[in-house]
Amino acid sequence: MKYALGVMIAALLPLSLASLMTGAASIDIFTAPSDPWALLVLMESRLPRTLAVLLTGAALSVAGMLLQALVRNRFVGPDTVGTSESAALGLLAITFLAPAAPIWIKIAVAAATGLAGTALFVALIRRLPPREIMLVPITGIVLSGVIGAVVTWIAWQADLVQLITTWLMTGEFSGVVAGRYEVLWIAGAAAALAWFAADRFAILSLGDEVATGLGLGTRGVMRLGLVVVSLVSAMVVATVGMIPFIGLVVPNIVSRIMGDNLRQSLPVAAAGGAALLLFCDLIGRLVRYPFEIPVGTVMGFVGAGIFLFLLYRKPAHV
Amino acid sequence: MIRLSGVSHQIGGASILNDITADLPRGRLTALIGPNGAGKSTLLRLIGRLEPLQTGSIHIDDLDLARTPSAEIARRMAVLGQQTVIASRLRLSDLVAFGRWPHHQGRPRPQDRAITADALEAFGLTPLAHRFLDEVSGGQAQRAYLAMTFAQDTDWLLLDEPLNNLDMSHARSLMARLSQLVRASGKSVVVVLHEVNYAAAWADHIVALKDGRILAEGAPQDVLTENGLGALYDTPVMVTQHDGRPLVLHHF
Amino acid sequence: MSDAALHIAARPPLGGLRLLTGLASLLAVASALWLFQGLADGNRGFILHLRALKLGTMLVVACGIGVSTVLFQTVAANRVLTPSIMGFDSLYVLLQTSLIASFGIAGFAAVPVVAKFLAEVAVMCALAILLFGSLLGRGSRDIGRTILTGVILGVMFRSASGLMIRLIDPNEFAVVQASTVVSFTRANEALLPVGALLCGIGVAAALWLAPRLDVLALGRDSAVSLGLRHAPMVAATLGLVALLISVSTALVGPLAVFGPAAFFGLIVTGMTHGLVRSHRHALLLPASALIAANILVFGQMLFERVLHQQTALSVVIEFAGGLFFLYLLLKGRVR
């Protein structure tokens, strides 16, 4: 699988082109530069949407991979350990307390609460019996539920239920236009930053003892990873809403095929996540054209199918 | 020389180590032996800074363990704890290559790759190098971790029960390799051993621990005596000689 | 093994009987309070009827969820799985959606409620035995893969329902969506008697199987070695789980606010195992039903009568139950 990254990038190009050409208004992207109206549609709606999907898919996959390395467990993703619920809690609080705050402040608050929630999860699972690996995802799901319940409760009291439904239930990209997705670049940048520390994350995934033996400061790496995961989740929740599944599935698939040498596999996970999410977004836009099906719904179905196939395929080595 | 002075350790109120003061010699193969719960693993883990030091001080040659950055220690001393199940899907070659990480911090040089290849070869892992860690047997995984520790190429090597999961042939060859590292390359090795005859056959220096205290230390001939071992393990043993070294018998 | 065998051989501990009696009396108090507290003068009969209907629904649902979760954990030989985590109630929702898809919304509404319900339950049992029997029945060594498969199947079923509805008619999505949210105020008068009957049959069958369930809980290898016919027993248990889940889901909707976790089942079995220090199903099954019923009735009463909040119970179950479950996890009580 030396060419995995090449294959992924080759898949991204036609998908991106298709995404640019798909929409209620029919425009020809090749003559767009000379047609001011088509150019407007392209630059204000199609391109932002395509970029938003790519960034979200890539960043969530990388976040999932980091999280799985940090907690040494395959069955968790940024959407199942309480990160997105905590981010939504912060977002809700700032919306409630200071509705006029600029988006940067809101996202900073969401990232901070997301970080607190993820750190709480990590602190909790440290106290679990070490061999019971299945208790880790269960703890994450329970914690998500507890924080999610608080969010729902506040939202009911404040009459903001509509908001949290988009944040936590099904993310979708139909609302993305220029000016409303740019913070996702930060999520992408945070994910890219993680690549530079890829070796450190791979060593940490071997356990605290091995990491200490190799002279790695485990706390610093843990903090860096948690910050990246929280930043990515907060940006995604705040701009398009949580996309289920992708941060869980893509890292699993990539790891099954390529292993966990993160320096090699993180870029593949990023490209793969971007390609998969874009593919699902395209299905959602095309299958009931001109209506749209939220990408979270499509993602659930398509992702589940691929995942089950990979799960029950014979391993490469016996 | 590793110098331990006044090292004590408690876990949840229970005293595991009591005022240990000892010198572990440089250029020797030192074995820590003793009954279950004697504190030998804890002592090794304290020296290897896998556990934070509570009381006392530990010096590794000229370095004070408590004040030296972990990254610097990693270039001086390699430590391998007992392995638990790890879900990571690293290839064995990647795992062993991480032994060089303290020296290059993410930018491997040609000599790092050469040392990695040597370590894989030395532990008979070259044919398995492309396998994932979760697709090999427990013994093979253990050898891969050992190879990683060897690739770290440090003056000091600390191993906690390295013979776990190894069959007789691999166990023997590991002990022979450790002994050869000491004789030929001037390295110093400290190893926790469960089976006293491996210590009898290969160690230069033995530290016998019981109930968190040092019961005896010195050359194998002096420590591995019928009275000494009987008191250490609270069980009668017979000690004979084989090929100029003690041989401990318990089947009578 | 010998320890567990001892448990099977042991007579019901006195503490267990006392616990059951205590829980039952508590429930009796709760039910009486529920029915008669603050009963206004006018229209007594009508209000009493409404309250009784709701109480009945809660009792049936509590019984169904408590017992089915214990049964399911026994088949899976795992304390943290619930039918909901493995996608059972999503399967039921998907089944309903496919029926709507094939008959159309108007046609679906025209079929008599009880007949439709019985047919759904039958199909549900068959599907569950087929699907989860092959997943759990072989005593899979790779429990991680099994759980992951279940979670993924749950997501898949839910997404498939959503997809199907939007494909049929993008505008009807909200209608169907609304009908799959938990609500005890939506008590269905026509379904309650037949639901209660089916639930009763299911619980009675489970109690009859209790001694064999004790053996099944030891895991496949031990159960086979003790002479249990493992595969039929797994199928029977899964059938009962499917029956009970169908009844509960049909009465109030899937008991999960977010994602795949039905906390209610987790909380109930968590508390059951915390309180009943025994492996015997003759105790575990009734205790789980009683605990579930107490939580539901007291919770609903607190929210409807004291706090005057109709919809908040599921949220609070999620919150309080989640906290409790985390506590059990960290105490090492959950395995």
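Visitor: Why is H3(A) called oblique to H10(A)?
Guide: Helices here are DSSP runs (H or I, at least four residues; strands are E, at least two), numbered from the N terminus. Helix H3 (residues 83–97) of chain A packs against helix H10 (residues 218–239) of chain A at about 60 degrees, with 9 Å between the axes. Axes are lines fitted to C-alpha atoms, for helices over the stretch in contact, and angles run from 0 to 180 degrees between N-to-C directions. Angles under 35 degrees count as roughly parallel, over 145 as roughly antiparallel, 65 to 115 as roughly perpendicular and the rest as oblique. The angle therefore makes H3(A) oblique to H10(A).

Visitor: Is that crossing left-handed or right-handed?
Guide: H3(A) and H10(A) cross in the right-handed sense. A crossing is left-handed if the near helix is turned anticlockwise from the far one by less than a right angle, and right-handed if clockwise.

Visitor: What makes up the contact of H3(A) with H10(A), by class?
Guide: It has 7 nonpolar, 4 polar and no charged residues. Nonpolar means Ala, Val, Leu, Ile, Met, Phe, Trp, Tyr, Cys and Pro, charged means Asp, Glu, Lys and Arg, and the others, Gly among them, are polar.

Visitor: Why is H4(A) also described as oblique to H10(A)?
Guide: The axes of helix H4 (residues 103–126) of chain A and H10(A) come within 8 Å and cross at roughly 130 degrees. That angle makes H4(A) oblique to H10(A). The crossing of H4(A) and H10(A) is right-handed. Their contact divides into 14 nonpolar, 4 polar and 1 charged residues.

Visitor: What makes H1(A) roughly parallel to H12(A)?
Guide: Helix H1 (residues 4–21) of chain A and helix H12 (residues 262–286) of chain A pack at about 30 degrees, with axes 9 Å apart. H1(A) is therefore roughly parallel to H12(A). The crossing of H1(A) and H12(A) is left-handed. Among the residues that meet are A:Leu12 and A:Leu15 in H1(A), and A:Leu278 and A:Phe279 in H12(A). By class, this contact has 16 nonpolar, 3 polar and no charged residues.

Visitor: How many residues of chain A are in contact with chain B?
Guide: 23 residues of chain A are in contact with 26 residues of chain B, contact meaning C-beta atoms, placed from the backbone, within 7 Å. Helix H8 (198–204) and helix H9 (208–213) of chain A each supply at least two residues of that side of chain A.

Visitor: Where in chain C is confidence lowest?
Guide: By pLDDT, the predictor's confidence in each residue from 0 to 100, confidence in chain C is lowest in helix H1 (residues 2–9), at a mean of 44. Chain C averages 75. Residues 178–187 of chain C stay under 50. Where pLDDT is low, the predicted coordinates should not be read in detail.

How values were computed:
Residues are numbered from 1 along each chain as its sequence is written. Chains are lettered from A and ligands numbered from 1 in the order in which they are written. This is a predicted model: local features need pLDDT of at least 70, side-chain atom pairs count only at pLDDT 80 or more; totals for chains, interfaces and linings use all residues. Two residues are in contact if their C-beta atoms, placed from the backbone, lie within 7 Å.
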